[in-house]
Amino acid sequence: MAPPASRRLDQLVQALQRLPGVGQRSASRMAYHLLQHDRDGALQLAHALQAAAEGIRHCRLCHTFAEEDVCPTCADPARDPAQLCIVETPADQAAIERTGSYRGRYFVLMGRLSPLDGIGPDDIGVHPLLQRLQATPAVQEVILATSFTAEGEATAHIISRLAQALGLKVTRLARGVPVGSELEYVDLGTIAHALADRR
């Protein structure tokens, strides 16, 4: 016999299911764990979520997450204003930053084109990006760092056409064989792109 339902517990499970990749069972396990073993952690999580939801907004210049009107990256005078790297999400921006190899500026689209899902240029940051490119004469190179999915490629294609129409140099992240991998285990599409993009 199932235990009696609790409205608040059900609400917690439903809230946890909003996370990507979390289904009913995973959400239930998390909810029971927090309530049974880590009440302090549950309260800390609740406070952190509330503070983030209320205090984090979008940077006025690059659209990434920020607590101020302009994020620290855009406010850094040491960043190269001639390069603008276009990414889909703040997580993608963070991944590039962790490499320590890029010192230009960013623009975060907050999504990618997906016609099948009804997501067009108006639903992501294409128009604000175009406005930024037109208003920032220092930009000389647009680096397309969208994902290598069909949606990411479509997004890169649209942005490439817009940037080239403004006379800007457009480059795309290279695709190739991952460092440390053995060629026989790499998928054929990656090998084909690595050959096409060889240097």
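Visitor: Which residues of helix α5 are called buried?

Guide: In helix α5, which runs over residues 90-99, the buried residues are P90, Q93 and I96. Buried stands for under 20% relative accessible area, exposed for over 50%, and partly exposed for what lies in between, with a 1.4 Å probe and protein chains only. Helices are DSSP runs of H or I with at least four residues, strands are runs of E with at least two, and both are numbered from the N terminus. This is a predicted model, in which local features need pLDDT of at least 70 and side-chain atom pairs count only at pLDDT 80 or more, while totals for chains, interfaces and linings use all residues. Residues are numbered from 1 along each chain as its sequence is written, and side-chain values use heavy atoms, with hydrogens and water left out.

Visitor: What puts the buried residues on the same side of α5?

Guide: P90, Q93 and I96 are the buried residues, and they cover an arc of only 120 degrees around the axis, which places them on the same side of α5. The arc is taken from the directions that lead from the helix axis to the C-beta atoms. On the other side of α5, A91, R98 and T99 are exposed. The cover over the buried residues of α5 includes β2 (65-66), α4 (72-75), β3 (80-87) and β4 (104-108), where contact means heavy atoms within 4.5 Å.

Visitor: Why does Q93 count as buried?

Guide: The relative accessibility of Q93 is 5%, and Q93 therefore counts as buried, since the limit is under 20%. Leaving aside residues up to four places away in sequence, Q93 touches T64, T73, V87, Y106 and V108.

Visitor: What makes the buried residues of α6 line one face of the helix?

Guide: In helix α6 (residues 126-135), V126, L129, R132 and L133 are buried. Viewed down the axis of α6, these buried residues fall within an arc of 120 degrees, so they line one face. The face turned away from that buried side carries Q131, Q134 and A135, which are exposed. Among what covers the buried residues of α6 are β3, β4, β5 (141-144) and α7 (150-165).

Visitor: Why is L129 called buried, and which residues does L129 touch?

Guide: L129 has a relative accessible area of 2% and is therefore buried. Not counting residues up to four places away in sequence, L129 touches L84, I86, F107, L109 and I159.

Visitor: Why is α1 called oblique to α2?

Guide: Helix α1 (residues 7-16) and helix α2 (residues 24-37) pack at an angle of about 125 degrees, and their axes are 8 Å apart. That angle makes α1 oblique to α2, because under 35 degrees counts as roughly parallel, over 145 as roughly antiparallel, 65 to 115 as roughly perpendicular, and the rest as oblique. The axes are lines fitted to C-alpha atoms, for helices over the stretch in contact, and angles run from 0 to 180 degrees between N-to-C directions. In this packing, L9, L12, V13 and L16 of α1 meet Q24, A27, S28, M30, A31, Y32 and L35 of α2.

Visitor: Why do H63 and M110 count as partly exposed?

Guide: H63 has 22% relative accessibility and so counts as partly exposed, and M110, with a relative accessible area of 29%, is therefore partly exposed as well. H63 is found in the loop between β1 (57-58) and β2, whereas M110 is found in the loop between β4 and α6.

Visitor: What is the phi of H63, and what is that of M110?

Guide: Phi of H63 is near 75 degrees, a positive value in a residue other than glycine, and phi of M110 is near 65 degrees, again positive in a residue other than glycine. Most residues other than glycine have a negative phi. Just after α5, G100 takes a positive phi of about 70 degrees.

Visitor: Which residues does UniProt list for "zinc finger region: C4-type"?

Guide: The UniProt record, an unreviewed entry, lists residues 59-74 under that name. UniProt positions are in the numbering used here, feature names are shortened, and annotations may be inferred rather than shown by experiment. Over residues 59-74 the chain is 19% helix and 12% strand, and the end C-alpha atoms are 8 Å apart.
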